[in-house]
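Work through the exercises below with the sequence and the 3D structure at hand. Each task is followed by a stepwise solution.

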Amino acid sequence: MAKFDVLVPCYNYGRFLTDCVRSVLDQSIADVRILIIDDASSDSSVEIARGLAESDSRVSVVAHASNKGHIATYNEGIEWADSDYFLLLSADDLLVPGAFERAAGIMDSRPEVGLTYGECLVWRRDTPRPFVEPVQDLRWTKQDVVADMCRTGSDFVATATAITRTSVQKAVGGYRPSLPHSGDLEMWLRFGAHAEVARIEAVQGIYRKHDSAMSNPYLAEMITEYRQRKAAFDSFFETCHDRRRDMPLLQRQVAHSLADQAFDSGISYLRQGRIESGFALLRWAMSLDPRMRYLPPVWRLLRMPGPEGRQRLLSLMGQSKARQRKVLQASAAVPVLGADSDRQS
């Protein structure tokens, strides 16, 4: 029977901790160890964690005397793990019934699979806990997560569902201290370069969305999000450059995808009146994808209200006079979208 180690990092999430730990202890596979690492919380997290440990011998607690940060905490848990499979489950997230059994059903019979993940439901504050339909059969597919993440420029693996083979986790190493906000993305890329990845076609976890979520502050400015994603991809390309022959192609795909998304976000910010942030995103997009320096996505620019608005946009983006005239002439040939059309886009 497979054995699981689960790290539950906790910082001021005491109010969520019991539900999180119970979702692990109630799995159909009972051979599990849980390590709660409290990173010097100022709430009642340590007391709640110790109470859980006293009530079930499968739970143990480490309490940091001072805050070490989430990356150091994650890596401490990776060093501790020594069972067949490993999961890092944030104290505010949950597993759904059968998650371990489904993951073990794949990895026990497929030694080449080093990571499994599945669907993750979002549980928003002040809403009922999501109901998960019982899954009768196991359906899954192998996925080239490296190719798909480079093509989309995004991280689609929900950490609450990412159950790994511990030996592969040890081989790929821990989280990068230089990537505090995109370490998960870089980690899954490394897994994809070292082992097969299986996507389980079932809900495996629940992500709790609330006001104190760790990712909220930095997501307020999308340019930080895009820069962190690029840093994750850059780190992956540097450390795993010899593991695939198509790395140059993948690098170009990442640049195109991130630039395209950043350009769209910049236009959206400008339309919201967030001028400084919008122009910062547009400039960053053009620095990432050289094609945009000479031919920005014209049809998106044309959505800016009025010829004066488009003229100012082009000027601030540093376009040449000839290029500005070309774009403005093109804009005269198409109708300007009105407010009603804008709201539908």
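**Exercise 1. Find which residues form one aromatic cluster with F4, then describe the pair of F4 and F100.**

Step 1. The cluster consists of F4, Y85 and F100. The model is a predicted one, in which local features need pLDDT of at least 70, side-chain atom pairs count only at pLDDT 80 or more, and totals for chains, interfaces and linings use all residues. Residues are numbered from 1 along each chain as its sequence is written, and side-chain values use heavy atoms, with hydrogens and water left out.

Step 2. Rings of Phe, Tyr and Trp (its six-membered ring) pair if their centres lie within 6.5 Å; planes under 30 degrees apart count as stacked, over 60 as edge-to-face and the rest as tilted. The structure holds 9 aromatic pairs. One of them, F4 with F100, is stacked, at 4.0 Å centre to centre and 10° between the planes.

Step 3. F4 belongs to strand β1 (residues 4-10) and F100 to helix α4 (residues 99-107), so the pair links distant parts of the chain, 96 residues apart. Helices (H or I, at least four residues) and strands (E, at least two) are DSSP runs, numbered from the N terminus.

Step 4. F4 is buried at a relative accessible area of 1%, and F100 is buried at 0%. Buried means under 20% relative accessible area, exposed over 50%, partly exposed in between (1.4 Å probe, protein chains only).

**Exercise 2. Classify the pair of Y226 and W284 from its ring geometry.**

Step 1. The ring centres are 6.3 Å apart and the planes stand at 20°, so this pair is stacked.

Step 2. Y226 is in helix α9 and W284 in helix α11 (residues 275-288), so parts 58 residues apart in sequence are tied together.

Step 3. Y226 is buried at 4% relative accessibility, and W284 is buried at 12%.

**Exercise 3. Decide whether helix α7 is largely enclosed, and list what its buried residues pack against.**

Step 1. Helix α7 (residues 183-194) has 12 residues and reaches 17 Å from its first C-alpha to its last, close to the 16 Å expected at 1.5 Å a residue. The expected span is 1.5 Å times one less than the number of residues.

Step 2. Of the 12 residues of α7, 10 are buried, so the helix is largely enclosed by the rest of the structure. Among them are L185, W188 and F191.

Step 3. With contact meaning heavy atoms within 4.5 Å, the buried residues of α7 pack against β6 (113-124), α5 (145-152), β8 (163-165), α6 (166-172), β9 (196-209) and α9 (222-239).
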